[in-house]
Amino acid sequence: MSALKVVRDGHVLRITLARPERRNAFDAALIAELTAAFSDVGDARAVLLEGQGPSFCSGADVEWQRSAIELSYDENVEDALRLYRMLETIESCPAPVVCCVHGFALGGGSGLVACADIAIAWPDAVFGFTEVRLGIIPAAISPFVLAKIGNAARRYFLTGERFAADTALRIGLVSEVSEDAGERAERIVLDLRSGGPIAVREAKRLVRDRPDGSEAAHIAAARRTSDEGQDGLRAFLDRRSPSWLDDVG
């Protein structure tokens, strides 16, 4: 059985972790499926990532960890690289990624949240980088988490403590905490679809690449003179809707 549900809903790609009986914990199969799903999102204007069942993602699967005990050093390197590459694929996904988090998001689950462009958490969500309590560290997820929470990792990586959604909001791991996170995530997906499809993707790349002033000026000029940019600017001046809004509900 697949550990993932992938459904194309118009311009939205809905990806759901589907191992509810294991609290959507990572194993080799789920890592491979997530990597494949985010490697080709086509022309989707947004990707919505959720978890089925009582939790978003509780980290590494117990049986997967048990099998890893017998791996050699080199095999462990490859194992960690597969997790890293999955997260890198999600973080570099050309379409914006919205994540809706409930229940547990521990270890790699919190790493997954860090890779989303926008993460909305239910108030019951519980986060944590609990690896040190197993005598290991969150090395493979660290490039993505550190980019999100910065110096807050000096506490949470070291203590391995679990923390609530309001703390995740304060340190920047999530964008928002809502009593109706599902509806808020859908609203944000609609907002993303309201922007120019290419412009939204280029805006995401802008945040990722952080170009200098000269390069940024060339990027701005390219967008203004593009077909999409011209359509959007003329629509604004003519007080009409740009063409890409024709199929947005």
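A disulfide is a pair of cysteine sulfur atoms within 2.5 Å. Keep that cut-off in mind for the opening stop. The model on your screen is predicted.

**Stop 1: the cysteines**

Select the cysteines and show their sulfur atoms. How many disulfides does the structure hold? The count is zero. Start with cysteine 57. Its closest cysteine sulfur belongs to cysteine 99 and sits 9.6 Å away, so the two are too far apart for a bond. Now select cysteine 115. This residue is in no disulfide either. Its nearest cysteine sulfur is that of cysteine 99, at 9.5 Å.

Are cysteine 57 and cysteine 115 buried or exposed? Cysteine 57 is buried, with a relative accessible area of 0%. Cysteine 115 is buried too, at 2%.

**Stop 2: helix α4**

Click along the helix: Gly108, Gly109, Ser110, Gly111, Leu112, Val113, Ala114 and Cys115 are the buried residues.

**Stop 3: tyrosine 84 and phenylalanine 144**

Next, show the aromatic rings. The structure holds five aromatic pairs. Zoom in on tyrosine 84 and phenylalanine 144. Their ring centres are 5.2 Å apart, with 35° between the planes, and the pair is tilted. Which elements does this pair join? Tyrosine 84 lies in helix α3 (residues 73-91) and phenylalanine 144 in helix α5 (residues 142-149). The pair therefore ties together parts that are 60 residues apart in sequence.

Check the surface again. Tyrosine 84 is partly exposed, with a relative accessible area of 27%. Phenylalanine 144 is buried, at 7%.

**Stop 4: phenylalanine 129 and phenylalanine 157**

Move to phenylalanine 129 and phenylalanine 157. This aromatic pair is edge-to-face: 5.1 Å centre to centre, 65° between the planes. Phenylalanine 129 lies in the loop between β7 (126-128) and α5. Phenylalanine 157 lies in helix α6 (residues 153-159). Here the contact ties together parts that are 28 residues apart in sequence. Phenylalanine 129 is buried, with a relative accessible area of 0%. Phenylalanine 157 is also buried, at 12%.

**Stop 5**

How values were computed. Residues numbered from 1 in each chain as written. Predicted model: local features only at pLDDT ≥ 70, side-chain atom pairs only at ≥ 80, totals over all residues. Heavy atoms only, no water. Buried < 20%, exposed > 50% of the residue type's maximum accessible area, 1.4 Å probe, protein only. Phe/Tyr/Trp six-rings, centres within 6.5 Å; stacked < 30°, edge-to-face > 60°. Helix = DSSP H or I, 4+ residues; strand = E, 2+ residues; numbered from the N terminus.
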